[in-house]
Structures are given as structure tokens and as C-alpha cells.
Amino acid sequence: MATLLRCLVTAGVLLLPGLALADSWRIEPVNVVDVATGDVAEDQAVLVIDGRIDAIGARGSVSGGDRVVDGMGGYLLPGLAEMHAHVPPASRGEQYVQDVLHLYLANGITTIRGMLGEPAHLVLRAQLASGEVVGPRLVTSGPSFNGNTVDTPQEGAARVIEQFEAGYDFLKIHPGMSRESFIAVATQARQIGIPFAGHVSFQTGLHTALEYHQATIDHLDAYAEAMVPEDHPLHGQAPQWFGLNLADGMDMTRVANLARETADADVWQVPTQSLFETTTGEEPLEDLLARPGMDMLGDELRANWVGAVHNFRGQVPAEQRGHFLDARRALLAAMQEAGVGMLLGSDAPQIMNVPGYSVHQELAYLVGAGLTPLQALQSGTINVARFFDEPDRGQARAGMVADLVLLRGNPLVDIAQSATVIGVAREGRWYDRATLDALLDGVRDRKL
Ligand SMILES: [Zn+2]
């Protein structure tokens, strides 16, 4: 029965909801990138059976598989993660939600961490896991903890239990909670065993977030405030746009210490540097709008994003924006150096960050900040597996879950090659370029 089902499913005759596609195939020739070491094994064959990598070896030494996929001499890596993703709410409609998921997958993203969950996302998580819905694996937060949803420490603690029992993977922290509420949430979360992650509110402050071991700090939130010396006139001012208004007061000599303290507290970072380089950098807007993926935007969303960029750039002189970005780049480099766990995330769909495409943008910005291409790729692969404590993910090795991306060129030599996706495997399901293009064409027709 299993074999019959497998054949029917492979032939595309049957696609039962909830049925994992039992499939076996061999891809060759490929150059397999070891993201742990940066070694590349050339001219390899990779055998995938039932969603896992069964064997990897020199071409000719590995046989088996119901079919052979042409690897085209490409570079095979573990699939990437977008660790600050936004899955649209179900109220946007099923098609819109799926379009966003397709953009991720077609760009080689096989895991997303949804940063603003809702009950419908729990259902979606299961549908993505079973293959009923095409897209990356979803790890999701619940609805946000913020100044509007949490009034008192008691309310905060109760909300932790509620979301834990509902089955969310982690808690999303947004601005606005009092320090007391944050501590109550953090304490309850640690007791019950659910991670909390996201923003660091001004009332909480960086050192409290470190002390309570927030799982991730996203956007480098609260570091700008912590870089302004006590005797500076900007000290104690509330940050706007993650401290853009504090740029002139940020003391670069604090960078190394903050990186060390972060490493010591084992608090991971999802910098979403792309969000800041695009909104507060100097690259002409026409050039940003000409980037790959921008043709997916509908007029309304495009106008929104253009307006936001004008707003950020218009409010603040170029020199101050430059200092803000320099400080962020210095923090990134120092954190990598200090051994802070770095995670790839761009915040999509948000200003100038088209889902999927923006991860490649982020990789380039990380390299621009001083990470090596290997370190940048690790932030979206092996680091993610370590963060989630999933030793069978995040590498292209025998025994691992077959979440893979095939690239035309070697991203270790040129990080821009990360965008040259020619195929994606999602838990063993192979999507070739033509299939991915068909998904993208659909989104391009409908627009975001
Ligand atoms: Zn976000």
C-alpha cells in the first residue's frame, strides 16, 4: 500500500492532505557546501529518501532513488531561514497568505520564524508541516505582548500560560510593557519553558533583557540607548526607529563591551540590518525599487514603502544616518567576533523587504558589516539549528532533514550567489526552477 501511494503521489495523481510525500531521488552532479567548515565537496551525488538525506558521496559512489534530478553542477546548501518573518493574518485571505509563503520558498527559505502569530497560524503550521500548504516550515509566536495587551504583571504572566497552552512556539515581545510586566512575563516563561523574543522596550532596557535571557533581541533593539553615555544630552531619551534619533550620542567605544555582555548572557541576535540599510542609507530609491522582487509589490504597498523611506531619510541628516548605520555595522561585527549567536532575519514583508528576496539582501549587508560569507550563511543555517536545538537540521549531511537549496554559483566566493536559486528541497520535496517560477508568476500577477 505504501509503495502504491508513493508511486501515485510521485506521479502527481494523488495529493492527500496530511500525507507526507514519501519520495526518493538522487541529485547529481552537485558541489556540496559544508556550512560548518566552509569546505566544498565537488562533483557529488546526494540521495534523499523520505524527507531525509540518506547518503552523500562522490558521483558514481551513491546509487538509488526512484529518479535522478539534474544538479547542473550547482552548489547545494542547507535551506535558509528567515528568522524575522511576518506571516500575514488570515484576514488577508488564504491566497495572500500563500503568496507570501511561496515568495519565501522560491527564494530558498525553508524555515521561517513568524513574529506575529494568531490562532490561524497554528493551523497553518500543521498544514505546512504536512505539505498540504506549499511553503517553508513555520515556527510561530503568539499574539504580541505589548503596552496594549499587558497592563499588569499578573496579566502578563497569565497571558504566558494561555499562549503556552495554545501551542505557540514562543512569545513575541513588542514595545510598551512596563519593566515589572516584562519581568513577570520573563519569569513565568522561563518557569513554564517557552522562549520569549523580539523587541526590548525602552522601559525594560537592554540590561534587563540580557539578565532575563531573552531568547533573541531583534533589530538590535535597545543597543542604541545603551551606547549613549550618561553625561550626554541624549541620554535617557526614548529611541525612535531603533535609536536613529540617538545616533549622535552613540559612543563607539561601548561596542566591544556590549558584544561581550550579550555573548555572556547567551542572548541571540536577529539584526534585520536590511530594514535599516534600505530605510536610512544612501542608496537611491530608484535603485532599491529596481531590485529583484520589487515587481511583486502592488501599487498601494509600494507607495507605502516609498513614503516610509522618504520619511526616515527626510527627518534626519545624512551624516547622522551614516553614523547610525556605522554603529550598527560595528555592533554586528563585534558580536560575531565575541561569539554571539547570530541569526539571519530581515523583517519581511516590511519596508523595502520583499519576503524571500530580502534575505539575500540581508546576507549581503551582513558581509558588508564585516562577516565572512560563511558566517553570514551560518546565521541562516547551522546557527538556526543550534538555536532551536535541532541537531538534524541546518546542514547538508547524511541523516539530516532534506531542507536544501541549490544555487548556480558559490556563495562562499560571492555572497550574491545566494540569490541564484535553481532548486529547493523542502523536507524532501523537490521544487525545480520551473515549478518555483510558476509560483512566482502567480504572485507577480496578483501582487502583494
Ligand atoms: Zn517584525
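**Pro143**

I looked up the contacts of Pro143 in this predicted model and found that Pro143 touches Gly117, Glu118, Arg159, Gln163 and Tyr168, not counting residues up to four places away in sequence. Contact here means heavy atoms within 4.5 Å. Pro143 lies in the loop between β7 (137-140) and α4 (153-166); helices (H or I, at least four residues) and strands (E, at least two) are DSSP runs, numbered from the N terminus. I noted that the C-alpha atoms of Pro143 and Gln163, 20 residues apart along the chain, are separated by 8.3 Å. Pro143 is partly exposed, with a relative accessible area of 27%; buried means under 20% relative accessible area, exposed over 50%, and partly exposed in between (1.4 Å probe, protein chains only).

**Basis of the entries**

Residues are numbered from 1 along each chain as its sequence is written. In this predicted model, local features need pLDDT of at least 70, side-chain atom pairs count only at pLDDT 80 or more, and totals for chains, interfaces and linings use all residues, while side-chain values use heavy atoms, with hydrogens and water left out.

**Zinc site**

I recorded His84 (NE2) and His86 (NE2) as the protein donors of the zinc ion, at 2.0 to 2.2 Å from it. Donors are N, O and S atoms within 2.8 Å of the metal (3.2 Å for Na, K and Ca); water is not among the atoms, so sites may look incomplete. Both His84 and His86 are buried.

**Strands**

I traced an open sheet of four strands in the order β8-β9-β10-β11, with parallel pairing. Its edge strands, β8 (171-173) and β11 (268-270), each pair on one side only. Two strands pair if DSSP finds at least two bridges between them. Strand β10 (residues 216-218) is joined to β11 by three bridges, and Ile217 stands opposite Gln269 in β11.

I then turned to β13 (residues 421-426) and β14 (residues 429-432), which pair in the antiparallel sense over four bridges. These strands form a hairpin with two residues between them, and Glu427 in the turn has a positive phi of about 45°. Val424 stands opposite Tyr431 in β14.

**Helices α9 and α13**

I found that the axes of α9 (residues 273-280) and α13 (residues 357-368) come within 8 Å and cross at roughly 85°. Axes are lines fitted to C-alpha atoms, for helices over the stretch in contact, and angles run from 0 to 180 degrees between N-to-C directions. Gln273, Ser274, Glu277 and Thr278 in α9 meet Ser358, Gln361, Glu362 and Tyr365 in α13.
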